[in-house]
Amino acid sequence: MDDDIPYLLLTPGPLTTSRTVRSAMLRDYCTWDQDYNELVTRIRERLVSLVTRSLDVTSVLMQGSGTFCVEATLGSVVPPDGKVLIANNGAYGARMVKIAERLRIDHVELAQPEIEPTNIDRVRSLLAEDPAITHVALVHCETTTGMLNPAKEVGRLAREHGKVFILDAMSSFGGIPYTMEDFEVDYLVSSANKCIQGVPGFGFVLARHECLAATEGYARSLSLDLYDQWRDMEDHHGKWRFTSPTHTVRAFSQALDELDAEGGVEARHLRYQENHRVLVEGMRGLGFATLLPDEQQAPIITAFHYLDAPEFTFQGLYDQLKRRRFVIYPGKVSQAATFRIGNIGHVFPDDMRLLVESCREALDELNISPVLPG
Ligand SMILES: *Cc1c(COP(=O)(O)O)cnc(C)c1O
């Protein structure tokens, strides 16, 4: 752990970044300047090369957090007479439903329990029943639970039925290897402060060129107009329409360099998997049970049930761990008392070992001696 940070963020973003990523921000840039616009253009190209081998894919960067990009996408690519099928099995699926409601986009919600993966049969029958549906939206890794949804199967169904497929890949992009052709995605949305390990401030959309090019005039917002943002970046070689998050962009460029240096997305995935394995093994040893079965779990964030002990509170554990330089995350599941620990960011298996050790100390301090199974 770097000495200049007070604690490791074991959260799903913003997350712990490297000192070199943070240092990259110690320079001011003019948003008009050619150096800066070249940096932006290079980032756009690198994002495309991370996610496709052969498709004609383009990218748009957009100010704001990840939600702004999801909203920009839903609000800009669904035509006025379009209709979106939104698969919801967690807080981020629910947020897409809310966006559709707020923007008055016609939609049908596939509402599912948070602890079950998106049901392919229900997606298939909804698509068969309702020919008015034009777009399908899915959250890849549902960060609420750490659930990995079946993007490949949903993408195939969308393609078979001739629908446009939008994937909220916020917490999986850069941390799990796949391409847009693997999932037959038309729009993939992610942000700077997740698995690429940049700092917060903007998100991005990777889009099939022919899809995005056909969406002029659809946007329901000026600042979140994806098409206009894209045209400006294309026509003016990396220029953003409005003030761009220059420091964040420079940190992101450094983060992409560090992703390459680590060995790319495959290598990063292996590290996250190892973080996750060490964490789960250690926590189970202390009596904690995971919310999800291992088969449904992405190596991004892990949800644990509270301990069944009267002295256990999330705040108690949180405070003890923070004192030991770890910040964990509250739960977001409505049907169970859980907390979450992120596996992503500039965090390594040894950090996870130390975290488990710190948890053991915390439980001692709180006089909690869980009854271990078996
Ligand atoms: C982080 C995240 C978002 C975006 O959340 P913000 O708070 O707006 O950054 C959207 N979807 C998923 C699945 C996420 O993990």
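**Sulfurs, rings and helices**

Modeller: Cys211 counts as buried, because its relative accessibility is 17% and the cut-off for buried is under 20%. Keep in mind that this is a predicted model. Which cysteine sulfur is closest to that of Cys211? The sulfur in Cys69 is, and at 17 Å it is too far away for a bond. A disulfide needs two cysteine sulfur atoms within 2.5 Å. By the distance rule, the count of disulfides in the structure is zero.

Now the rings. There are 16 aromatic pairs in the structure. One of them joins Tyr306 and Phe312, whose ring centres are 5.2 Å apart and whose planes make an angle of 55°, a tilted arrangement. The two partners can be described by their accessibility. Tyr306 has a relative accessible area of 33% and is therefore partly exposed, while Phe312 is at 7% and so counts as buried. A tilted pair is also formed by Phe314 and Tyr318, with 5.7 Å from centre to centre and 45° between the planes. Where do Phe314 and Tyr318 lie in the chain? They are in helix 12 (residues 314–323), and because they are four residues apart there, about one helical turn separates them. Phe314 and Tyr318 are both buried. These pairs belong to a cluster: ring pairs link Phe288, Phe304, Tyr306, Phe312, Phe314, Tyr318 and Phe339.

Rings also take part in contacts with charges. The ring of Trp230 has the charged end of Arg231 over it, 4.8 Å from the ring centre. The ring of Phe348 has the charged end of Arg271 over it, and here the distance to the centre is 4.6 Å.

Last, a pair of helices. Helix 3 (residues 66–77) and helix 4 (residues 91–102) have axes that come within 10 Å and cross at roughly 50°. Helix 3 and helix 4 are therefore oblique to each other. The crossing of helix 3 past helix 4 is right-handed.

Methods:
Residues are numbered from 1 along each chain as its sequence is written. This is a predicted model: local features need pLDDT of at least 70, side-chain atom pairs count only at pLDDT 80 or more; totals for chains, interfaces and linings use all residues. Side-chain values use heavy atoms; hydrogens and water are left out. Rings of Phe, Tyr and Trp (its six-membered ring) pair if their centres lie within 6.5 Å; planes under 30 degrees apart count as stacked, over 60 as edge-to-face and the rest as tilted. Buried means under 20% relative accessible area, exposed over 50%, partly exposed in between (1.4 Å probe, protein chains only). Helices (H or I, at least four residues) and strands (E, at least two) are DSSP runs, numbered from the N terminus. A charge sits over a ring if NZ of Lys or CZ of Arg is within 6 Å of the ring centre and within 35 degrees of the ring normal. Axes are lines fitted to C-alpha atoms, for helices over the stretch in contact, and angles run from 0 to 180 degrees between N-to-C directions. Angles under 35 degrees count as roughly parallel, over 145 as roughly antiparallel, 65 to 115 as roughly perpendicular and the rest as oblique. A crossing is left-handed if the near helix is turned anticlockwise from the far one by less than a right angle, and right-handed if clockwise.
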